[in-house]
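Some labels in a structure description rest on a number and a cut-off.

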Amino acid sequence: MLVGAGAGYLYYVAARIQYQHRADTIGPDFWPKLILGLVIATCIYEVAKLRLIGGRRDVSGLLDEIVEESVQERGDAGPEAPAERRPLLLVAGIALTAAYVWTIQWLGFFLATAPYLAAFIALGGYRRWLVNAAISVLGALAMMFFFMKLVYVSLPLGQGPFAQVTFFLMRVMGIH
């Protein structure tokens, strides 16, 4: 109930955001109000469920059952087995991410993100290369569309000829 009340207050604050409304665009109050509305709705649902059903149902045994089924299906050693450590993969992932951050301003969001996703997926051990390429390209395009068209986040465009690729993709996706 406290989370719902806090979200209600923040929704009230977000509803008072003043801005110059532009036609065919959502305002800066849209996303905070949407998220807070979902939080409020979730809190109302949970409070109503607790009132109607009563106390909490114990689900701790459910997780154990899921793990046991997974062990039986896959033949794993189970949760008691020590996890395999791969420090070189960790270092490679950190280096890959650092290279991504270093190149994104120069290459632009799409041209840096698509190879980054492909390399990260390959680093994780996935070897279906055509699927990897499709996921990487479509994932980078989907993120670009979502952030630039729906959320209005300014992503790095790139420099020189790389910026032209970004501008082309923006025109194709209807991003202004």
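What follows is a set of questions and answers on this predicted model.

Q: What makes up the secondary structure of the protein chain?
A: The protein chain has seven helices and zero strands. Read from the N terminus, the order of elements is α-α-α-α-α-α-α.

Q: Why is the pair K33 and D29 called a salt bridge?
A: The closest N and O atoms of K33 and D29 are 3.4 Å apart. A salt bridge needs a Lys or Arg side-chain nitrogen within 4 Å of an Asp or Glu carboxyl oxygen. The value of 3.4 Å is within 4 Å, so the pair counts as a salt bridge.

Q: Is D29 buried or exposed, and what makes it so?
A: The relative accessibility of D29 is 11%. Buried means under 20%, so D29 counts as buried.

Q: Why is K33 called partly exposed?
A: K33 has a relative accessible area of 24%. Partly exposed lies between the 20% limit for buried and the 50% limit for exposed, so K33 belongs there.

Q: How do you know that K49 and E46 form a salt bridge?
A: The N to O distance between their side chains is 3.5 Å. That is within 4 Å, so K49 and E46 qualify. A search of the whole structure finds two salt bridges.

Q: Where do K49 and E46 lie, and how many residues apart are they?
A: Both are in helix α2, which covers residues 30-53. They are three residues apart, about one turn of the helix.

Q: What makes K49 and E46 partly exposed?
A: K49 has a relative accessibility of 30%, and E46 has a relative accessible area of 28%.

Q: How do you know that the length of α2 agrees with what its residues should span?
A: At 1.5 Å a residue, the 24 residues of α2 should span 34 Å. The C-alpha atoms at its ends are 34 Å apart, so the two values agree. Just after α2, G54 takes a positive phi of about 105°.

Q: Which residues form a nonpolar patch on the surface?
A: The patch consists of I26, F30, L34, I35, L38 and Y152. Together they have about 530 Å² of accessible area.

Q: Why is T103 called buried?
A: T103 lies in helix α4, residues 87-107. Its relative accessibility is 16%, which is under 20%, so T103 counts as buried. Leaving aside neighbours within four places in sequence, T103 is in contact with G108 and A112.

Q: Why is T166 called buried?
A: T166 lies in helix α7, residues 161-173. At 3%, its relative accessibility is under 20%, so T166 is buried. With neighbours within four places in sequence left aside, T166 is in contact with G108, M144 and L157.

Q: What percentage of the protein chain counts as buried?
A: Of its 176 residues, 19% count as buried. The accessible surface of the chain is about 13,200 Å², and 67% of that belongs to carbon and sulfur atoms.

Conventions: Residues are numbered from 1 along each chain as its sequence is written. This is a predicted model: local features need pLDDT of at least 70, side-chain atom pairs count only at pLDDT 80 or more; totals for chains, interfaces and linings use all residues. Side-chain values use heavy atoms; hydrogens and water are left out. Buried means under 20% relative accessible area, exposed over 50%, partly exposed in between (1.4 Å probe, protein chains only). Helices (H or I, at least four residues) and strands (E, at least two) are DSSP runs, numbered from the N terminus. Patches are made of residues with over 30% relative accessible area and no salt bridge: like charges are joined within 9 Å, nonpolar side chains (Val, Leu, Ile, Met, Phe, Trp, Tyr) within 5 Å. Accessible areas come from the Shrake-Rupley method with a 1.4 Å probe; for residues, only the protein chains shown count as cover. The expected span of a helix is 1.5 Å times one less than its number of residues. Contact means heavy atoms within 4.5 Å.
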